[in-house]
Every structure is written in C-alpha cells, then in structure tokens.
Amino acid sequence: MTLKTLEAIVKQAMQYGSSYFSFAWQGGEPTLMGLPFYKKAVEYQEKYGLGKRVGNGLQTNGILLTNEWAKFLSKYNFLVGISLDGPKHIHDHYRVRKSGNGTWQKVHDNAKKLIAAGVDTNALTVVNDYSAEFPEEIYNFNKELGLNYMQFIPCIETDKGNPNDIASFSVSAEKYGIFLIKLFDLWYSDINNGIASTSVRYFDSIFHNYVGLDAPDCTLAESCGSYLVVEYDGSVYSCDFYVQDDWNLGNVMEGRLDEMFNSDRQIEFGNLKANLPLECKTCEWLKKCQGGCTKDRIKNSQDILSNHFCLSYKMFFQHADSKLKELANQWHINQQR
C-alpha cells in the first residue's frame, strides 16, 4: 500500500467516522510493510483526527517483531493479536518456515517481548485437525505465558484437489464441538464471583447475548457488514473473507467510504447472513449462534447449504446453556448493586 492510499483511507475514515474509529491492520502479514508505515498511519490519524478517539489493532504471525516494534505498539496503545497456536509441538505442527523448521521459538519469544513492554496482546489460535486435540494444554500454556485474552479460530478450507470436500487440516464439526466444550469448562472453572480471570472472545461474545446485549463478534449478529476492508490498491470490499469481484464496493481513491459502507450492495451483503437454511430457522439455538459465519456454509452430501460447524454449536450450547444462564443472572444482580 502506498502512503498516498494510506493517507486517503485515514483522512476519509476520520472525516466520516463517529467520535471513535478503529483500524485493524491485517495482511498477509502486515509487519512486512515495516514500522515506518505504521508511524505514518499514526501521524495521519493525529493530523486528521480532529480530537476523535482512535483504536488500532495489529494481527501478526509475530515473526518480524522486535523491541522497537514493541515500544511503538505500547506507546500508541495498539491491540496486538499474535498467531500462537500453543506449545511447541502444536504450533510447529503446521507453522513452519520454507526450510521446514518450526517458528514457535521466535513467535514465543516475541510474544514475551510484547507482554514485557506492556502491549495489550491476544493469543490468536487456529483450531485445526491437530490442535483440536489439546484444548487444556493450549489454554494453560496461554495463561502461563501471560496471554489471558484468547481467540480461537476454527479452521475450514476447501480441498484444492476436490472443491466439494474440505482440506484434511480442517477441523471437523464434532472435534470442534468437543474442543469448545472442554475449553468452556476450563474458562468456567476460572470464574470467581461471576468474574472471569481469562477472556475467550467467543464465550465473551456469547455472554453478551445471554444478558441482552449485542454481541461484539459479527458471527453472532443477525446480519453482517459492520466494517469495510480496504486492500493495498485502495479497493474496498464488504468483508475480509469475501475479497472478490462480486463484493467490490469501489476504490477509496475514487469514492467515499461512508457511501460505500451505506450502499445498497453492502446492505445486500449484510442481509445474506439472515438467509438461513431450514435447519437453522427451526433450531432452538438460533438466537444464540445466529447461524454462525456465512463463510462457513458449505453444501453437504445432500447438496444442502449448511454451516460446517452447526453440530459444534449444538453440542456447545447443550452443554453450556445452563451455566451461561446462571452467569447472566449473577451479572444482572451485580448490575443492580
């Protein structure tokens, strides 16, 4: 991304946004742009901010982070999500260099640098066919490292040789359901007087639903389209999972972000989520999961479009519903004190 494009994005965002605006820097690998790029981003935010509050998030594999990066990210209060899949044998099962050597040691050490510098750091853990076997080991590893904010991302990709099948490294619905249940029990056991000592983003978001608040996780909302994606060349898209010609909304160098965000095409995209299969419309857990993420909908053996993780969510809610209701009741009592 050129600095000209970067400036246009920031200027427009600050001009048309509300009193608070959030930038999420992703890639590929966003640190490949180099630290000077992000110093410029902050400079533009200060220049065009007009007193507004700004949040910055950086999602990184952690390989290129240095003490200088950590100092900068801490100074400007960046929220960093670092891709760390757990202990060495889990992380290095798939996350290897071109040479075949694992990346765990480098990422682990750089995560410690961030924590030592006071950077708000989340663990981003991909749940694949292998890591799904080790929820307790991953959860406890994160806690011991000081990563008490965790996000678990279920892996599903289509097989390149057979587009009608999922790739072998994807996590099955049943395995992910078991993973969620075990992870929930670990999280729940760390709750004291209604206060969780760790944050698991999915559980936190679900809890919003249980207390009558809007869930911050877009996969748990009734509709999508709550943000825009701007690519390196200024092209704007509806979602980072749908950077496709069908969902190209324009270009930031030629059009306005606020008009794209409120366009009929973006609204159409957002409403796709509510176009649910029959099994969702008749499911007792619909109001809790909202059908999951649109990108996870695939055709099953009966050629019916269904969320790959439908079984996972049913297993989870059947297990966790009563405990979440208890926590919600406790939350309401605490709010009245």
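## Cysteines

A search of the whole structure finds 0 disulfides, a disulfide being a pair of cysteine sulfur atoms within 2.5 Å. The closest cysteine sulfur to that of Cys-224 is in Cys-218, 6.1 Å away, too far for a bond. For Cys-310 the closest is the sulfur of Cys-280, at 5.4 Å, also too far. Cys-310 counts as buried at 15% relative accessibility. Buried means under 20% relative accessible area, exposed over 50%, partly exposed in between (1.4 Å probe, protein chains only).

## Basis of the values

The model is predicted: local features need pLDDT of at least 70, side-chain atom pairs count only at pLDDT 80 or more, and totals for chains, interfaces and linings use all residues. Residues are numbered from 1 along each chain as its sequence is written, and side-chain values use heavy atoms, with hydrogens and water left out.

## Nonpolar cores

The largest nonpolar core has 39 residues. Such a core is a set of buried Ala, Val, Leu, Ile, Met, Phe, Trp, Tyr and Cys residues joined through side-chain atoms within 4.5 Å. Trp-25, Leu-58, Leu-73, Phe-78 and Leu-114 have the most contacts inside it. Helix α2 gives the largest share, 7 residues.

Leu-73 touches Leu-58, Leu-65, Phe-78, Val-80, Leu-114 and Val-119, leaving aside residues up to four places away in sequence. Contact means heavy atoms within 4.5 Å.

## Aromatic pairs

The whole structure holds 27 aromatic pairs. Rings of Phe, Tyr and Trp (its six-membered ring) pair if their centres lie within 6.5 Å; planes under 30 degrees apart count as stacked, over 60 as edge-to-face and the rest as tilted. Phe-184 and Trp-187 form a tilted pair, 5.6 Å centre to centre with 45° between the planes. Both lie in helix α7 (residues 173-189), 3 residues apart.

Trp-247 and Phe-269 are edge-to-face, because their planes stand at 65°, with centres 5.2 Å apart. Trp-247 is in the loop between β10 (235-237) and β11, and Phe-269 is in helix α10, so the pair ties together parts 22 residues apart in sequence. Trp-247 is buried at 9% relative accessibility, and Phe-269 at 3% relative accessible area.

Technical notes
Helix = DSSP H or I, 4+ residues; strand = E, 2+ residues; numbered from the N terminus.
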